[in-house]
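I opened my notebook on the place where two chains meet. My notes follow.

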There are 2 protein chains.
Amino acid sequence: MPKSHIMLQLESQHHGTRMPQSTKTAILVIGGAEDKVHGREILHTFFGRCGSVDARIAIIPSASREPAIIGERYVNIFQDMGAKELRVLDIRDRAQAEDSELQSYIEDCTGVFMTGGDQLRLCGLLADTPLMEKVRQRVQQGEITLAGTSAGAAVMGHHMIAGGGSGESPNRSLVDMATGLGLIPEIIVDQHFHNRNRMARLMSAVAAHPERLGIGIDEDTCAMFERDGMLQVMGKGTVTIIDPAELSYTNHNEAGATDPLSLHNLRVHILSYGDRYHLHKRCLISPDC
Amino acid sequence: MPKSHIMLQLESQHHGTRMPQSTKTAILVIGGAEDKVHGREILHTFFGRCGSVDARIAIIPSASREPAIIGERYVNIFQDMGAKELRVLDIRDRAQAEDSELQSYIEDCTGVFMTGGDQLRLCGLLADTPLMEKVRQRVQQGEITLAGTSAGAAVMGHHMIAGGGSGESPNRSLVDMATGLGLIPEIIVDQHFHNRNRMARLMSAVAAHPERLGIGIDEDTCAMFERDGMLQVMGKGTVTIIDPAELSYTNHNEAGATDPLSLHNLRVHILSYGDRYHLHKRCLISPDC
């Protein structure tokens, strides 16, 4: 067992308290299809960042059309790891997200996990609800750890990729944009990234919003954001950063819906396990950053 | 001479003249599936750069397993445009590429067109043959215009993508490299680019050869290289430039065959119709270049 997990167990006598003082909260943006059976490294890291055996986790399965099944699956995983408390917030209509009892569970939890499914469904049910506002506040205060996988990752930015195509030159009609939950407003996330060949659609999204940062996350791969804006990669694949800060030209505003797009002077990073990048400084962690 | 060698001498009295003085030669690197029926812009541009009605064109169909059929198809297209002379150099074994009569056709032609098929087959038949050396010399001297589509485009660089996969994080085993014909040695070409989701494979190729420039060309799209190193885009899709000149880190040399690759600080340009880029200066044509 990693040393940090031992330390967290030793501090488990702080029963009933909030997040253990030594636990750093984070936001884990997961590209979908994370390992749920073997090493479960990403899910285990989330569990650790929720306080390990002190973890009280809320699972939000609302993106899925089978929320009970998928919720139960994550309950079993985190129960198996030894979480203190687990609850599936099986919100199926917006009125539920105003339920004060659910809100008080969010008040007391140490972590929130959003499952996969359909990101439009997830936003439709949760955007601008008191429950989601509570999640956002507590995440921003660094009081709880948040994770989202697949659709649960897609909703992280202010601008969200709702859907799109592949196998074409970047073009405006290749991506459908919507408004996300804005938990990390400055990023546009795409998930199952290289697995489903989504480079052109993320580039098309970035062309529409060059003030944002495009982040493509492969399956069983996680971009873990610390509170200071540092992102670290874990898991099996890569995290692709598309940084348009130096964009010198795009024809996005003049192009027809299916015209190929120009994007001049993108900076692109492919990050793999252990690589770190600073979201605000927009640089890789090296002596120059 | 094989029966399928077609010779058309539409204006045989002009036999022996060279490229008209006013015609600028170029190298057209075409991403495959170029329009052969309607506007035929790319093929028409090739025809023009070969001297239009003074064009004497050699068609090399050797990449294809159906060279007679594909050769005939291009003969019909350029005949229709009014080429003075057309000949399919249907080379099916390396000995033919030493045939002095074929070499003398190359001596007299104004343009060479390499069709699609399998780039390993094309290189296997033509690399380091006297015929291909003659083509290379005349292209380098600016005496003839050269075009290659699909497999005929893939062979342009010194390093050639022979095959590979898609739908994975960039990794060493995602791309099979071989030696190309080296007509534009500094580039690594990938074709049918966004259409077949080849970004990760071209990035994997660039990771192996960061001293080169990755160029991904979509279908019915052409990167036309002028003699001074200027590239201009025409056609329906985009040309993607992956420039690793500022690459600050890659794990390529330590990574296992299927480990995800890190590539930090790539510069990527998506170019569409009319965009221009200078191959040697590695910049887009703007006041800064």
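Which residue of strand 15 of chain B stands opposite Val268(A)? I looked it up: Leu266(B) stands there.

I noted the ground rules. This is a predicted model, where local features need pLDDT of at least 70, side-chain atom pairs count only at pLDDT 80 or more, and totals for chains, interfaces and linings use all residues. Residues are numbered from 1 along each chain as its sequence is written, chains are lettered from A in the order in which they are written, and side-chain values use heavy atoms, without hydrogens and water.

I checked confidence next. Chain A averages a pLDDT (the predictor's confidence in each residue, from 0 to 100) of 93. In chain A, 93% of the residues score at least 70. Residues 1-17 of chain A fall below 50. Where pLDDT is low, the predicted coordinates should not be read in detail.

Then I went back to the strands. Strand 14 of chain A and strand 15 (residues 263-271) of chain B pair in the antiparallel sense over five bridges. Strands are DSSP runs (E, at least two residues), numbered from the N terminus, and pairing needs at least two DSSP bridges.

I looked at the whole contact (heavy atoms within 4.5 Å). Chain A gives 33 residues and chain B gives 33 residues. The buried area (accessible area lost on being put together, 1.4 Å probe, summed over both) is about 2600 Å². Carbon and sulfur atoms give 49% of that area.

Last, I found two salt bridges between chain A and chain B (Lys or Arg side-chain nitrogen within 4 Å of an Asp or Glu carboxyl oxygen). One entry reads Glu246(A) with Arg267(B), at 3.0 Å, N to O.

Terms used: Buried area = accessible area lost by both parts, 1.4 Å probe. Helix = DSSP H or I, 4+ residues; strand = E, 2+ residues; numbered from the N terminus.
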